[in-house]
Every structure is written in C-alpha cells, then in structure tokens.
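Please keep the sequence and the coordinates at hand.

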Amino acid sequence: MREFSRLNPLPLVEVPPEARHRVVLLNDLAPGELFIHEIYHSIQGESTFAGRPCVFVRTAVCDSRCRWCDTPHAFNQGRRWPRSAVVEKALSFGCPLVEITGGEPLLQPDVRPLMSELCDAGCTVLLETSGAHDVSVVDTRVHIIMDLKCPDSGESHRNRWANLEALKPTDEIKFVIASRNDWDWTEKTIRHHHLDTRFTCLVSCVFGAVQPVELANWLLAARLPRVRMQLQMHKYIWDPTARGV
Ligand code: SF4
C-alpha cells in the first residue's frame with residue numbers, strides 16, 4: 001500500500017503539469033454541458049468512411065500537442081453548449097453519419113452520453129480520439145478511429161496501449177506519418193501487435209512533410225497488404241488551411 005504524509009494526504013494524479021494546464025478550460029463545465037469548437041457538415045476525409053457526407057462535432061480542448069496538429073485553434077476556442085442542443089444541431093443537417101472529433105473528445109464526460117443519444121437517434125457515430133484515453137468506456141455502437149501517435153508527433157509516450165484490448169474488430173487505428181522514422185516505427189508496431197489482422201489499419205502522411213508517393217512506396221515495400229493508405233481528402237478538395245470543412 002502507498003503511504004502519504006499528513007501534509008499531502010491525497011494520491012497525486014499522474015498527469016504532467018502542462019497537460020493539466022491544457023484542460024483547465026473544462027474545469028467549470030456543468031453536468032450536461034459540452035465545450036464545443038464547431039459543428040459543421042462536410043466530407044469525411046480520413047477512415048474507411050472517407051468520401052461520405054458527414055456532420056462533424058468538434059469538441060474544444062486537447063491535452064496533447066502533436067507537433068503537426070492541424071486543429072490548434074480547437075485548443076482554447078469554443079463555447080458551452082447544452083448536450084441536448086448539440087444533438088439537435090447535429091441532427092438538423094439530416095445526415096445520418098456523425099463524427100465526434102476534437103480536440104480530444106474523451107476529455108469531456110458528456111461526450112459519452114452524447115454519442116449514445118446520437119446512436120439512439122439512428123445515426124452512425126464515429127469517434128476520433130488521440131489514443132491517450134481509455135476507449136473501453138465508449139458505447140459499443142460507436143465506430144472508434146484511434147490514433148497511435150508516432151515518435152515525430154512528440155506524443156507517442158502517451159499512447160495507451162491497453163486500448164488495443166478494448167477496441168472492436170470493426171474499429172480503426174490511424175498512424176499519421178511525418179518521416180521515414182515514423183514509418184519504421186509504424187511498421188514495427190503493426191507487426192509486433194498483429195494490428196493488421198485485428199483491426200483496420202490506416203496510414204496517412206503529414207500534409208507537406210511526407211509526399212504521398214513516398215508513403216505509397218514504403219507501404220508497398222513493407223508487404224503489408226491489409227494496411228490501407230489514405231490521403232486527407234478534405235485538404236485536396238478545399239484549401240489545406242481552411243477551417244470548418
Ligand atoms: S491529439 Fe489531435 S487535436 Fe490533440 S494535438 Fe494531437 S492532432 Fe491536435
């Protein structure tokens with residue numbers, strides 16, 4: 001049993017101080033509230049659902065800081081929404097595919113009932129998550145798209161490997177590759193955990209850092225026929241820096 005001094009009677013929460021600071025905007029959320037960056041209708045750009053019209057519910061705040069993050073504006077820009085209003089807005093587009101993304105959605109407790117309510121309403125619900133948080137708490141009707149962060153993201157130390165035992169065969173694991181070093185790590189990780197026979201594995205390149213043809217050649221040379229390469233479709237349809245698309 002661990003012991004604690006009388007001056008410090010509570011166990012320390014094992015969260016790096018900077019990560020704790022990053023989530024401070026969520027501290028005052030009331031039960032039933034979500035901190036939302038934006039809700040919009042676009043084309044799903046990454047995953048086996050790529051190409052389909054989709055409603056995106058982008059939650060604000062993330063406790064990670066991937067070096068290549070393309071949504072840093074979601075770190076601290078958002079407003080409070082009652083959960084019922086988020087459901088109403090998501091359904092208002094009349095689109096049966098809804099993706100909860102971020103930021104990091106699983107930081108907000110009300111994301112879990114939100115996903116269940118959207119499933120109850122007949123939607124196909126996708127969750128994009130960084131892989132740093134427990135996915136075993138997610139409604140099993142939700143289709144999880146989980147990152148495993150490669151070394152060049154600067155966040156690979158936060159990969160929660162226990163999640164590999166909680167994912168369903170229908171869930172997807174995404175690797176975002178910023179360099180040859182990232183690809184080598186990805187290949188080793190897929191082989192070590194037999195990920196390509198357990199889940200759909202997706203590999204994509206950091207836009208502007210690795211050329212699609214480089215990643216294609218690495219994948220072909222690796223002889224991993226079940227692994228699926230993808231491009232961030234929305235960045236080719238619209239301006240790569242455009243928001244809300
Ligand atoms: S987990 Fe996602 S939102 Fe958070 S820093 Fe990384 S890429 Fe950005």
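Does Arg 223 count as buried or exposed? The model is a predicted one, in which local features need pLDDT of at least 70 and side-chain atom pairs count only at pLDDT 80 or more, while totals for chains, interfaces and linings use all residues. Residues are numbered from 1 along each chain as its sequence is written.

Arg 223 counts as exposed, because it has 8 C-beta neighbours inside 10 Å. A residue is buried if 20 or more other C-beta atoms lie within 10 Å of its own, exposed if 12 or fewer, and partly exposed in between, with C-beta atoms placed from the backbone. Arg 223 is located in the loop between H7 and E9, and its phi is positive, about 55°, although it is not a glycine. Helices (H or I, at least four residues) and strands (E, at least two) are DSSP runs, numbered from the N terminus. Ser 47, also not a glycine, has a positive phi of about 125°. Ser 47 belongs to the loop between strand E1 (33-43) and E2 and counts as buried, because it has 21 C-beta neighbours inside 10 Å.

The sheet comes next. Nine strands form an open sheet with mixed pairing, in the order E3-E1-E2-E4-E5-E6-E7-E8-E9. Strand E3 (79-82) and strand E9 (228-229) stand at the edges with a single partner strand each, so one side of each is left without a neighbour in the sheet. Two strands pair if DSSP finds at least two bridges between them. Strand E2 (residues 53-59) pairs with strand E4 (residues 97-101) in the parallel sense over four bridges, and Phe 56 has Glu 99 in E4 as its bridge partner.

Of the 53 residues in the largest nonpolar core, Met 115, Val 125, Leu 127 and Ile 177 touch the most other members. Such a core is a set of buried Ala, Val, Leu, Ile, Met, Phe, Trp, Tyr and Cys residues joined through C-beta atoms within 7 Å. Not counting residues up to four places away in sequence, Met 115 touches Ile 100, Val 125, Leu 127, Val 138, Asp 139 and Val 142; contact requires C-beta atoms, placed from the backbone, within 7 Å.

Finally, the ligand is surrounded by residues including Cys 62, Arg 65, Gly 102 and Gly 103, where near means a C-beta atom, placed from the backbone, within 6 Å. A cis peptide bond joins Gly 102 and Gly 103, with omega about 10°.

Technical notes:
Two residues are in contact if their C-beta atoms, placed from the backbone, lie within 7 Å.
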